[in-house]
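Here is a short report on how parts of a protein fold pack together. Look at the structure first, then read on.

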Amino acid sequence: MNARQEKPLPPTRFRKNARRVSSLVERDIKRMGEKRGFSETRLLTHWAEIAGPDTAGICRPVKIGFPRGGFGAVLTLLTTGAQAPMLQMRLPQIIDRVNACYGYRAISRVDITQTAPTGFAEGQVDFAPKAKVRAEPGPQAIAEAREKTADVGDDGLRQSLERLAANIISKQRAHGSKTENTQ
(Lines give C-alpha, C1' and ligand atoms only; values in the text may rest on other atoms or scores of the structure.)
Protein backbone atom coordinates (compact mmCIF):
# COMPACT_ATOMS: atom_id res chain seq x y z
CA MET A 1 0.00 0.00 0.00
CA ASN A 2 1.49 3.34 -0.97
CA ALA A 3 1.27 6.67 0.89
CA ARG A 4 -1.57 7.93 -1.30
CA GLN A 5 -3.91 5.10 -0.45
CA GLU A 6 -5.44 5.29 3.00
CA LYS A 7 -6.89 2.47 4.96
CA PRO A 8 -10.65 2.65 5.34
CA LEU A 9 -11.78 3.58 8.82
CA PRO A 10 -13.44 0.86 10.86
CA PRO A 11 -17.19 1.28 11.26
CA THR A 12 -18.25 3.34 14.26
CA ARG A 13 -19.76 1.25 16.97
CA PHE A 14 -22.49 2.55 19.19
CA ARG A 15 -23.28 1.42 22.68
CA LYS A 16 -26.38 -0.66 22.88
CA ASN A 17 -26.99 0.12 26.54
CA ALA A 18 -28.85 3.28 27.48
CA ARG A 19 -26.98 5.77 29.65
CA ARG A 20 -28.35 8.47 31.88
CA VAL A 21 -27.74 12.00 30.63
CA SER A 22 -26.37 12.96 34.03
CA SER A 23 -23.51 10.51 33.59
CA LEU A 24 -22.62 12.14 30.27
CA VAL A 25 -22.31 15.67 31.65
CA GLU A 26 -21.25 14.93 35.23
CA ARG A 27 -17.53 15.38 34.58
CA ASP A 28 -18.02 18.72 32.79
CA ILE A 29 -20.32 20.08 35.49
CA LYS A 30 -17.89 19.06 38.20
CA ARG A 31 -14.97 20.71 36.37
CA MET A 32 -16.88 23.97 35.86
CA GLY A 33 -18.08 23.97 39.46
CA GLU A 34 -14.60 23.41 40.83
CA LYS A 35 -13.35 26.45 38.91
CA ARG A 36 -15.70 28.53 41.06
CA GLY A 37 -14.82 26.76 44.29
CA PHE A 38 -17.74 24.36 44.41
CA SER A 39 -16.21 21.04 45.38
CA GLU A 40 -19.74 19.77 46.03
CA THR A 41 -21.76 20.34 42.84
CA ARG A 42 -24.93 19.37 44.67
CA LEU A 43 -24.98 22.93 46.03
CA LEU A 44 -25.45 24.18 42.47
CA THR A 45 -27.69 21.50 41.06
CA HIS A 46 -30.03 21.25 44.05
CA TRP A 47 -29.96 24.87 45.28
CA ALA A 48 -33.76 25.10 45.60
CA GLU A 49 -33.85 22.01 47.83
CA ILE A 50 -30.92 23.12 49.98
CA ALA A 51 -31.83 26.78 50.49
CA GLY A 52 -35.59 26.32 50.32
CA PRO A 53 -37.93 27.50 47.54
CA ASP A 54 -38.43 31.00 48.98
CA THR A 55 -34.72 31.70 49.33
CA ALA A 56 -33.85 30.06 46.00
CA GLY A 57 -36.41 32.29 44.32
CA ILE A 58 -34.45 35.42 45.27
CA CYS A 59 -30.80 34.33 45.07
CA ARG A 60 -28.31 31.99 43.42
CA PRO A 61 -24.87 30.79 44.51
CA VAL A 62 -22.09 32.39 42.46
CA LYS A 63 -18.84 31.16 43.98
CA ILE A 64 -17.13 29.87 47.06
CA GLY A 65 -13.91 31.56 48.09
CA PHE A 66 -11.35 30.55 50.66
CA PRO A 67 -9.86 33.45 52.67
CA ARG A 68 -6.23 33.38 53.72
CA GLY A 69 -5.58 32.22 57.21
CA GLY A 70 -9.26 31.82 58.02
CA PHE A 71 -11.34 28.83 58.80
CA GLY A 72 -14.31 28.09 56.60
CA ALA A 73 -15.18 29.33 53.17
CA VAL A 74 -17.13 32.35 51.95
CA LEU A 75 -20.22 31.66 49.85
CA THR A 76 -21.16 34.48 47.46
CA LEU A 77 -24.84 34.77 46.54
CA LEU A 78 -26.29 36.76 43.65
CA THR A 79 -29.54 38.65 44.23
CA THR A 80 -31.36 41.73 43.05
CA GLY A 81 -31.13 45.03 44.92
CA ALA A 82 -34.69 44.87 46.18
CA GLN A 83 -34.21 41.38 47.63
CA ALA A 84 -30.87 41.99 49.37
CA PRO A 85 -32.34 43.10 52.74
CA MET A 86 -34.63 40.04 52.84
CA LEU A 87 -31.71 37.79 52.00
CA GLN A 88 -29.56 39.44 54.69
CA MET A 89 -32.10 38.39 57.33
CA ARG A 90 -31.98 34.76 56.12
CA LEU A 91 -28.18 34.39 56.22
CA PRO A 92 -28.01 32.29 59.43
CA GLN A 93 -30.51 29.78 58.00
CA ILE A 94 -28.66 29.71 54.66
CA ILE A 95 -25.33 28.99 56.39
CA ASP A 96 -26.91 26.19 58.44
CA ARG A 97 -28.57 24.60 55.39
CA VAL A 98 -25.46 24.79 53.20
CA ASN A 99 -23.29 23.32 55.97
CA ALA A 100 -25.84 20.53 56.38
CA CYS A 101 -25.39 19.80 52.66
CA TYR A 102 -21.63 19.52 53.08
CA GLY A 103 -21.89 17.57 56.31
CA TYR A 104 -19.51 19.82 58.25
CA ARG A 105 -18.99 23.54 58.91
CA ALA A 106 -17.66 24.33 55.43
CA ILE A 107 -19.17 27.84 55.08
CA SER A 108 -18.39 30.41 57.75
CA ARG A 109 -19.62 33.55 55.97
CA VAL A 110 -21.98 34.55 53.15
CA ASP A 111 -21.42 37.58 50.94
CA ILE A 112 -24.26 39.07 48.92
CA THR A 113 -23.64 40.59 45.51
CA GLN A 114 -26.10 42.36 43.28
CA THR A 115 -23.98 42.12 40.16
CA ALA A 116 -22.21 39.01 39.00
CA PRO A 117 -19.17 39.63 36.83
CA THR A 118 -18.01 36.15 37.80
CA GLY A 119 -21.45 34.52 37.87
CA PHE A 120 -22.73 31.68 35.76
CA ALA A 121 -25.07 33.92 33.79
CA GLU A 122 -22.58 36.79 33.63
CA GLY A 123 -24.76 39.26 35.49
CA GLN A 124 -28.11 38.25 34.06
CA VAL A 125 -30.41 37.74 37.00
CA ASP A 126 -33.55 35.79 36.16
CA PHE A 127 -35.02 34.49 39.36
CA ALA A 128 -38.21 32.51 39.16
CA PRO A 129 -41.31 34.72 39.42
CA LYS A 130 -44.16 33.67 41.64
CA ALA A 131 -46.86 31.67 39.91
CA LYS A 132 -49.82 33.69 38.72
CA VAL A 133 -53.18 32.86 40.20
CA ARG A 134 -55.84 32.44 37.54
CA ALA A 135 -59.32 33.66 38.22
CA GLU A 136 -62.11 31.20 37.55
CA PRO A 137 -64.60 32.20 34.85
CA GLY A 138 -67.85 33.67 36.11
CA PRO A 139 -71.28 32.06 35.73
CA GLN A 140 -72.14 34.29 32.75
CA ALA A 141 -69.02 33.21 30.88
CA ILE A 142 -69.74 29.55 31.63
CA ALA A 143 -73.35 29.89 30.42
CA GLU A 144 -72.26 31.62 27.21
CA ALA A 145 -69.61 28.94 26.61
CA ARG A 146 -72.20 26.16 27.08
CA GLU A 147 -74.48 27.87 24.58
CA LYS A 148 -71.73 28.10 21.98
CA THR A 149 -70.61 24.48 22.38
CA ALA A 150 -74.05 22.85 22.62
CA ASP A 151 -73.83 21.46 19.06
CA VAL A 152 -70.73 19.34 19.76
CA GLY A 153 -71.68 15.65 19.96
CA ASP A 154 -68.68 14.20 21.80
CA ASP A 155 -69.05 14.82 25.56
CA GLY A 156 -65.31 15.00 26.34
CA LEU A 157 -64.63 17.36 23.47
CA ARG A 158 -67.62 19.53 24.36
CA GLN A 159 -66.48 19.84 28.00
CA SER A 160 -62.96 20.77 26.92
CA LEU A 161 -64.29 23.35 24.48
CA GLU A 162 -66.61 24.74 27.17
CA ARG A 163 -63.68 25.28 29.54
CA LEU A 164 -61.61 26.86 26.79
CA ALA A 165 -64.44 29.14 25.66
CA ALA A 166 -65.28 30.15 29.25
CA ASN A 167 -61.64 31.09 29.89
CA ILE A 168 -61.44 33.10 26.67
CA ILE A 169 -64.73 34.88 27.29
CA SER A 170 -63.83 35.79 30.87
CA LYS A 171 -60.38 37.00 29.80
CA GLN A 172 -61.91 39.17 27.08
CA ARG A 173 -64.35 40.67 29.58
CA ALA A 174 -61.57 41.31 32.07
CA HIS A 175 -59.57 43.23 29.47
CA GLY A 176 -62.65 45.05 28.16
CA SER A 177 -62.08 43.91 24.59
CA LYS A 178 -65.09 41.70 23.94
CA THR A 179 -65.18 40.79 20.28
CA GLU A 180 -68.37 40.47 18.37
CA ASN A 181 -69.68 37.11 17.30
CA THR A 182 -69.05 36.64 13.57
CA GLN A 183 -70.80 33.30 13.12
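## Terms and model

Axes are lines fitted to C-alpha atoms, for helices over the stretch in contact, and angles run from 0 to 180 degrees between N-to-C directions. Helices (H or I, at least four residues) and strands (E, at least two) are DSSP runs, numbered from the N terminus.

This is a predicted model: local features need pLDDT of at least 70, side-chain atom pairs count only at pLDDT 80 or more, and totals for chains, interfaces and linings use all residues. Residues are numbered from 1 along each chain as its sequence is written, and side-chain values use heavy atoms, with hydrogens and water left out.

## Two packed helices

Helix 7 (residues 139-148) packs against helix 8 (residues 155-175). Their axes are 8 Å apart and meet at an angle of about 130°. Angles under 35 degrees count as roughly parallel, over 145 as roughly antiparallel, 65 to 115 as roughly perpendicular and the rest as oblique. Helix 7 and helix 8 are therefore oblique to each other.

Which residues meet? Contact means heavy atoms within 4.5 Å. From helix 7 come Gln140, Ala141, Ile142, Glu144, Ala145 and Arg146. From helix 8 come Glu162, Ala165, Ala166, Ile169, Ser170 and Arg173. The residues of this contact divide into 6 nonpolar, 2 polar and 4 charged. (Ala, Val, Leu, Ile, Met, Phe, Trp, Tyr, Cys and Pro count as nonpolar, Asp, Glu, Lys and Arg as charged, and the others, Gly among them, as polar.)

An open sheet is built from 3 strands in the order 1-2-3, with mixed pairing. Two strands pair if DSSP finds at least two bridges between them. Strand 1 (59-65) and strand 3 (107-113) stand at the edges, each with a single partner strand, so one side of each has no neighbour in the sheet. From one strand to the next, the twist averages 30°.

Strand 1 and strand 2 pair in the antiparallel sense over 6 bridges. Here Arg60 has Leu78 in strand 2 as its bridge partner. Strand 2 (residues 73-79) pairs with strand 3 in the parallel sense, over 6 bridges. Leu75 stands opposite Val110 in strand 3, and Leu78 stands opposite Thr113 in strand 3.

## A covered strand

Ala73, Leu75, Leu77 and Thr79 are buried on one side of strand 2. Val74, Thr76 and Leu78 are buried on the other. Helix 6 (residues 91-102) lies across strand 1, strand 2 and strand 3, and runs at about 125° to strand 3.

Definitions and conventions:
Buried means under 20% relative accessible area, exposed over 50%, partly exposed in between (1.4 Å probe, protein chains only).
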